[in-house]
Every structure is written in C-alpha cells, then in structure tokens.
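Hi,

Here is the structure I promised to pass on. Have a look at it first, and then read my notes below.

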Amino acid sequence: MDAVMQLLVSTSPFGYISKNMKKILNDFLAYETLGKSYAYQYLNSCYYKELTLLICLMTSYKNISNGKKINIDNLNIGTKILFQKEYYVFNGQDNESEGYSLIQLHKKNPVTRILKKDVIEAGASVVSSTKRRKVVSVKEDFGKQLGLSSISWTNEDSVIVILEKKILNKIMDVQFSLNGKSSYLGEFCAIKYLKESMILEQLPHSNSTEKPMVIFSSNMGAVIEYLDENDGEISEKRVYIIGDKWFENGQFSNLLTLEDACSDFNISMTVFSSVPSIMDQSKFKFLKKMEKEFCWLESEAFSEMDISFKFVSSNKAFRNYLDKLDEYLEEIREIHLLRYLDKLLKRFLKMNYSKITGNSESLEQQMIIISEYMEKLNLEETEEIAEILYNIYCNRFGYQNKKMIDLVRNEDKCALIVMDEMVEETKEIYINDDMITVLPYSEAIFEDLYGAFGTIILLSPYAKDRKKWLSSYVSNRIIVVFPDIQKKYFSYSLKKDKRIIQDLYKLDDSYFERDSAYLKAIDKYFEKNKKETIRTDNSSEEKLLFDELDREDNAQKSYSILIDSLMKAVSEVESENESQFVNVVRGIGLESGRNLLGTEFGKIFILQDNYCRKVDVSKIEIGQNIVEFEIPYSDSFYRTQFKKYNFKDEYLNLSNITENIKLDYFWKKILLDYIEQGEVTSAQFKERMDKLGAPYKTKSFYGSWSSIEKMPILPRDSSFIYYIGILTGNSKLINESDKYYSASEKVKRNLNQERDKLIDSFDGQNLDEIIKDESIASYSIDKVILVEGIDIEDVPRYLTNKILGGSR
C-alpha cells in the first residue's frame, strides 16, 4: 500500500497534505487489516476528500493485484467480456478445437477468435455493457504506476461509500498522472452512484462497462434499502460512512438503522467523522455498537495548550431587563403558535451577548423584525416587549465585551469568533486592527488554520460551537468569553462536556493516560469555582433553561415538522404524481409567517425596483422581497382542454391534436365511459380493482380518477392503465399499457415545459407588464426575514422553491 499512499501524496489534488492528515491516512491503511467495524474521529472535518480518494485507490489496487481470474467454466454463452482492449461475446467451446470462441462486437465484419482457456482467463474481464468507442487501458497504466508487472482484470473487491454529493463532485474531477498520462479516478476505478430511486447512475469520467469497484451514495436510506432488497447478498463487503452530516439529528436515526443492517448481514462498517460531531451523549448509543473506536483526544502537541473561560460583568439594569424578558419567554414557550417569536427573541439575546460596542445595525434590524412580527400577531404585550428589547440594546454590556477582549488578547495574531449574524459589523469595528481577524462560528476548520493565530477568542458561543472549536485544538491559547449572568448555567454545560470526554476515553482503549487539554481546562475551572459548581446541582429548572439558551435554534427539526405537516395535507393523487424527491438546503422565513424551502440549485424571483430578477435560492438575503406568480399547473390547464373535447371521437381526428394526446385521451375516455355508463361509485371502483389484484390505493384515489374535475394527467406507472384494460375488457390497454402511459407522460412533460417557458420569460421584466398576462391568476410579494442553512433529504419536489402557506 506504500505505492498507493505515495501516489496520493504526490498528486495532492486538494492542496498540501499535512503531517496530521498523513497520520490519518496511514491509520486507515493499518486499521483496515483488522477486518472489524470501527469508528474514527479526527480533530476536524478537513480530511474527507483525501480519505475518499485513498479508499478508491486502495480498492482499485486490491482488484488489480489480487491475482484473480475469471473462470470460463462459469461463463454463459452470450456473456459480454473485455479482452485485449476489445469487446467480445463469449460463444462457448469451439467444436473443432480445444479452444473457446469469442466474437467481436461493434465491428462491420466481426472477427471470431478461437483461444485457449488460460489465455482468455489471464486477460479477460466480464463487463455489464459495452460501447463503440475505443477502449482506453487506464487500468494497465495504474498498475504500471504502482510497480505491478501484471494485473488482474476482475473486480472482485468492491465497497460502498456514503458521503455528501458536494464532496463526491470534487473527487470525480481529480486527475492522476499515470504512466505519463492524465487520467480521471473513474477511468481505472469503476464507480457507480446509488440514487434515492435505487437506480445505479453513471458518474462523469467513469468506466461505464465494468462492474463497479465503488458504489457511492449520498442517501443512507437508499443504501439500507439496497441491503434489504438483496437480503445482504451483495458483492460489496464493507460500507464506509464519511462526514459529520450523518451524526446530525436529521440523519442519525438512519445511521443507527444502517449499523443494524450491516450487523445482520455481516458486512463491516466504518464511520469517519470529526471529534465535534460526536460530542453529544446521544451519539454513544451508536459508538458503543462499533467493535473499535479511534478518537483524536490528545497528543503531545496539546500538552502546552491553554484553554480558559472568562466572564464579562453585567450591571444590575441589564440583569433586570433580562429577567423581565425571561418572564415573557416562559409564557411564549408554552404557546405553540408563538414558537417563531420565541426563536426571534432568543436570537436577539444571543446577538446581544456578541455585541462589541454600543451600536449595532444587526440588533436594530432584529428589533424591527420582532416588533413588526408581534404587531402582525396583534400581541397585547407588543409595546412592553419592544421597550424591554430597546433597554437591553441600550445597555453598556457591549462595551464590557470589548474591554474583556482587549484584556485577554496579547500581541500575537488573534482570531475573534462570533455568531454568524454579527460577523460583518464586528469586522467593521476591527477594520484598522491588523492583528485581529473576525470569523463566524460556522467557519470551516482546515489544516492551514493551525498555527495561524496565537490566540483564539470565542465570544458567547453556542454549546455546539464551543465543542467544535475547543475539541479541534486550533491554537495553543483558546479563551471562551461569556456573560457572567450565564455563569451558573455554563458550569452545568461544561459538566456535560467532561462526561462526554471521559466516556470517549473509555471507548478508545488506545489511551493509557487521560490528559486532554480540554478536560484539564474543565477540571481547572471547577477547582477554581467550587462554590458555583455546587449551586448548579440543585435546580433542574435552571438546567432545562440553560439547555434552551445554550442550544442553537434547531432549524432542521423545525422545518422537518413543517414538511411533515404539509405532506399530510396533500392528497394521495397529488403526492403520487409529484413523486420526485430532492434535498432541501435553505429554510427561508417570510414576513407573513409563511416559509420557503430551497434546493441547492433552485431559483426564485425577487423584486428589485419593480423588476423581477430570477436568482439562486442560495443567494437570497434577509430584507429582499420575493415575488411569486400563481399560474395554473399543467393538470389544471389539461383538464380545461380535456373538457373542451367532450370525449367525442371525431375531435380525436383533428389535425391539431398530436398522436400523444390522442393516445392519452383514448385510455381516459375508456375509463370515464365505464364509470359514467355503469354509474360506478369510487367505493365500487376501488373494490373491483382490488379484486383484480391492482396495487393498493385509497378510496379518494379512485374518486379522483373517476371525475374529469379531479383527474390528474399521469398515474404513478403503467400498471394502472393495464388494470383499467382488464376492468373494461379493452385488449389495447392490456397489451400496450406502456405505450399509453408513455403518451400521457409526454403530454404532461410538454405542458410543464410550456409553463416553465412562460415563467422564465418574466426574468428582467417590469412587474406591471408581467401581471397583464392572462395566464397569471394572481401574484404575491413577501419579505425575507430569516435565512437558515438546513439539510433535509427526500422532500417532495412540489414543496420546494415556492412560498408555502402557514407559519412554523
């Protein structure tokens, strides 16, 4: 494996590979020989791309160096094979010799070759498909680059790798210099992508003819289903899960389920993440299931680290106003309809704790948002709460923050980490200070950050962010600054951190001494503050309150609840006919209380100087106005057109009606005539279809297909048309259900394309001109008041990139 490591290090496609990263990669190669399921955490999440490449290189190396050959005795006549850079069909043993017959593919005058068994077995591989283009022998180049004199052609060793699609996209563009030529990874390591639909998709630059060595997926549910459907009888004997994402609330249950499946089917499983990703007691349920646990908790380099906790004093007035606000928060917390207001108020508090001076445009904007939102709710306490917020804002606590920062920083370069909403204005404050750099909590930690700053100051971080920065050990001097009013709650939170670190030590038995810099800092803090520590043990209510104040808004959970409620409100027919699922990456809160779920490449219209501009959802900012037009969907337009023809056969002979429309109308006319002439109720329709053995559907589903007023364009698949044929005794529908389904599919696609063209034409137009179009039923404008990064998979497409009614 040394040659594989050397190839990766010499290529370094994502930049310099540090000493620590080399240690991780070498750990991986060493631990793979254990043959066990294990979990591994590094200080941060910077190593995933290099690790994934190493997994692919290692898997490819194992295949070409294992000495395995195909067995001709196991080949069926007609099997497609690759031999000496040509595609052939295996035609069995030759009758006139002891050899075996291979017939060339994709040639005008195909040649038949008769070869000995050992010759074919030594140089042939079975392929799943063939192509007309010339075969490029990249596998041989890979073997020569690694010093192999001969290579094996079978892909016996294969694995599954689960990771985020954005990482995979970067990996697929990497090129290696092999034997003097540039080659993409997929050209010598056959790769496929498992989609949510269970389809194995071809990836760019990847050999499409071979059995895959690596199956990638960004959908853990699809991998679980893949294992279940095959009852564990798969050629992939190891599953790698790479990334922190899988430990997040929206994904963690899937991780537990996948571990159960791998355990049941005796498939080894390895999980790579960062230390911060598992700094939560709930994650130990999973880690304890692993046969081995490896975690970067300490090293000699950490022994000189100084982690300390400082508290900023607050005046009596500040504390009094916070107490008054907390009284309202306790009431608001109990009212379901006010949970969005609860979130806005808590965010205002957290922003106050991160204020550096007296004035703050961000806080002023937040106060305006809260006041306007309360007025829309007609909240009786609007004026009282608004006055409390103003008094909190006017307090001198921000100046105290500034004093503390000036006190604890030294002459070295310093990084000040603040909440994301406060980054820009904090940068303005230190614009002339070359020794201080302002970064957001969410800043990704990469290796080049290590040693870049003599001091790192975390200003009132959430618990999640505190764990991220402290357990990553990015500097020899890290200081956490908190308001003194949270001191007693802070101790409770540190106790939880201590318990987690101690539990990790128990799981990772590679440590002989427990000397974590993070753990030492906690112990030192408790030793110094014994009295405060004792007091925090008494009140369970205080602990609960601190959990809320210390926890970042769980946008993931909030939007998941919204999606679930919206899906339940949609009829079965609607959901069946919009069965595409996508990932949502943006949650956008609007002034009206409505929401918008944005996909990675989604686009929406914003209004600028009364002109409509189509922009990426990822670029939407607070304060912008979103404009949305209500244009009837293709189903609605389709039903209007359908009724015009009145189901009379002579209309289907008109020249302006396409063949697809004729076929589509034909099978639906058969169904509606049957319903009308027999006076069939939806209950009877369902009962008769159930007796025929049709897939289960609800009564409301059949009710929709019984009426032209509700009928959609397309059923889920052609089986519905097939059973309609049996029900009505129509042989055409029985024998050619696929043809009729395809016609309806094309009708729907064409209508969607027409609608999309109309909407696209609005880009750059004046709103007053657009709304003159008769196709527009109405339009609405709403202001963005909240933008949150989320990651929710398998959301129906029809719920995304549009304004959704109701508030969270």
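Let's start with a spot where two helices touch: Ala 463, Arg 466 and Lys 467 in H17 meet Phe 490, Ser 493, Leu 494, Asp 497 and Ile 500 in H18. Contact here means heavy atoms within 4.5 Å. Sorted by type, the residues of this contact come out as 4 nonpolar, 1 polar and 3 charged. (Ala, Val, Leu, Ile, Met, Phe, Trp, Tyr, Cys and Pro count as nonpolar, Asp, Glu, Lys and Arg as charged, and the others, Gly among them, as polar.)

Before going on, a word on where this comes from: it is a predicted model, where local features need pLDDT of at least 70 and side-chain atom pairs count only at pLDDT 80 or more, while totals for chains, interfaces and linings use all residues. Residues are numbered from 1 along each chain as its sequence is written, and side-chain values use heavy atoms, with hydrogens and water left out.

Back to the helices. Two packed helices are described by the angle between their axes and the distance between the axes. H17 (residues 463-472) and H18 (residues 487-507) pack at about 50°, and their axes are 12 Å apart. The axes are lines fitted to C-alpha atoms, for helices over the stretch in contact, and angles run from 0 to 180 degrees between N-to-C directions. H17 and H18 are therefore oblique to each other (under 35 degrees counts as roughly parallel, over 145 as roughly antiparallel, 65 to 115 as roughly perpendicular and the rest as oblique).

Now compare another pair. Helix H3 (residues 48-65) packs against helix H5 (residues 138-145) at an angle of about 95°, with 11 Å between their axes. That makes H3 roughly perpendicular to H5. On the H3 side, Leu 57, Ser 60, Tyr 61 and Ile 64 make the contact, and on the H5 side Lys 139, Phe 142 and Gly 143. These residues divide into 4 nonpolar, 2 polar and 1 charged.

How many salt bridges does a search of the whole structure find? The count is 25. A salt bridge is a side-chain nitrogen of Lys or Arg within 4 Å of a carboxyl oxygen of Asp or Glu. One of them joins Lys 289 and Asp 260, at 2.8 Å from N to O. Lys 289 sits in the loop between helix H10 (284-287) and strand E15 (292-295) and Asp 260 in helix H9 (residues 249-264), so this pair ties together parts that are 29 residues apart in sequence. Lys 289 is partly exposed at 33% relative accessibility, and Asp 260 is partly exposed too, at 34%. (Buried means under 20% relative accessible area, exposed over 50%, partly exposed in between, with a 1.4 Å probe and protein chains only.) Glu 259 joins Asp 260 and Lys 289 in a network of salt bridges.

Another one links Arg 594 and Asp 782, whose closest N and O atoms are 3.1 Å apart. Arg 594 lies in the loop between strand E21 (581-590) and strand E22 (595-599) and Asp 782 in strand E26 (residues 778-796), so the pair ties together parts 188 residues apart in sequence. Buried or partly exposed: which is Asp 782? At 5% relative accessibility, Asp 782 is buried, whereas Arg 594 is partly exposed at 24%.

Finally, the overall picture: the protein has 31 helices and 27 strands (DSSP runs numbered from the N terminus, helices being H or I with at least four residues and strands E with at least two). Of its 808 residues, 51% count as buried.

Cheers
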